[in-house]
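Please read the numbered points below alongside the sequence and the model.

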Amino acid sequence: MRGLVLGGGGLAGISWETGLLHGLAEAGIDVPGTADHVLGTSAGATVAGQLASGLPLAELYRRQTDPDAQNPEIVPPLDVVGPLFETFQRMIAEITDPAELRRRVGEFALAADTVPAADRLAVIAARLPGRDWPAWPLTLTAVDADSGEPRTFDRHSGVPLLDAVAASCAVPGLWPTVEIDGRRYMDGGIRSSNNADLMAGRQAVLVLAPMADPFLAAELALLETTGRVLAVSPDEDSLAAAGPNPLDTAVRTPSAEAGRAQGHRIADLVRDLWTV
């Protein structure tokens, strides 16, 4: 059993993950097509939702690199993004209990003055080539903003794919929470940027982690108790392509191109992992 974990990381993360998977496919390794289970969080939920459409990776890559094919986005300025992430870092440093941290972030998310929910949902809809859950196992993560409890969505949850992706991408303080069945949900990355531990029990797990995650080391250690794991983060070129604001639309083309090149470079490592 092989699992693919797609972590969070803004627009840069979406493009980098798409480019990297495309680069691997060009090297003869169709990771999404041969994975037994895909797990997506935040940016990774968008990539997973795009993969669910069945479009070839080459076309998904083109939609990241061709300005005429790129979907519209609402772009927050750097002077908003920077302080927001500084706030999260302070909360992480001050609140050591994960459950309490999620509850506090939820309070922050529910009180935030954001763009209208309909405007944000339209952005997520434009990202997705299709709206149907795939037949293959796909799990998306979110966090209940009121209780702080993690939640996962799949094709058996009775929740539209669009809503599940939107919930997983609802960065607190930046985007509105997403209402599903009377509950308000926020970004799955509030539990962890990757939630890789949810893939425990598989023989091989490939983790694409676009951004630093303090929980990742422990999650990888857990995965290694039952199988082999390879975690891939942006290399120097990919980090440079993402720049200081991973939510800037200008990073999409360079991040996808850097990810594609990195995919070529790590192909042998992934091929070895994927041979189970």
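1. Asp181 sits in the loop between strand S5 (178–180) and strand S6 (183–187), where helices (H or I, at least four residues) and strands (E, at least two) are DSSP runs numbered from the N terminus. Although Asp181 is not a glycine, its phi is positive, at about 50°. Asp181 counts as exposed because its relative accessibility is 64%; here buried means under 20% relative accessible area, exposed over 50%, and partly exposed in between, with a 1.4 Å probe and protein chains only.

2. A word on the basis of these values: this is a predicted model, in which local features need pLDDT of at least 70 and side-chain atom pairs count only at pLDDT 80 or more, while totals for chains, interfaces and linings use all residues. Residues are numbered from 1 along each chain as its sequence is written, and side-chain values use heavy atoms, with hydrogens and water left out.

3. Ser42 also has a positive phi, near 55°, in a residue other than glycine, and its place is in the loop between S2 and helix H3 (43–51). With a relative accessibility of 10%, Ser42 counts as buried.

4. Gly40 in S2 is the bridge partner of Leu6, and Val38 stands opposite Leu138 in S3.

5. How many of the 17 residues of H1 are buried? The number is 14, so H1 is largely enclosed by the rest of the structure. The end C-alpha atoms of H1 are 24 Å apart, which agrees with the 24 Å that its 17 residues should span at 1.5 Å a residue, the expected span being 1.5 Å times one less than the number of residues. Gly28, with a positive phi near 95°, follows H1.

6. The largest pocket has a volume of about 960 Å³. On a 1 Å grid over the protein atoms alone, a pocket is an open set of points with protein on both sides within 12 Å along at least five of seven lines, a cavity is a set where a 1.4 Å probe fits but cannot get out, and lining residues have an atom within 4 Å of a point. Grid points are joined across faces, edges and corners, and a volume is the space filled by probe spheres set on the points. This pocket is lined by 46 residues, of which Gly8, Gly9, Phe85, Ser193 and Met211 lie nearest its centre, and H1 (10–26) gives the largest share of the lining, 6 residues.

7. The second largest pocket has a volume of about 150 Å³, and its lining includes Asp30, Leu51 and Trp136. The count of cavities of 30 Å³ or more comes to 1; the largest cavity holds about 40 Å³ of space, and among its lining residues are Leu11, Ile14 and Arg252.

Terms used
Pairing = 2+ DSSP bridges.
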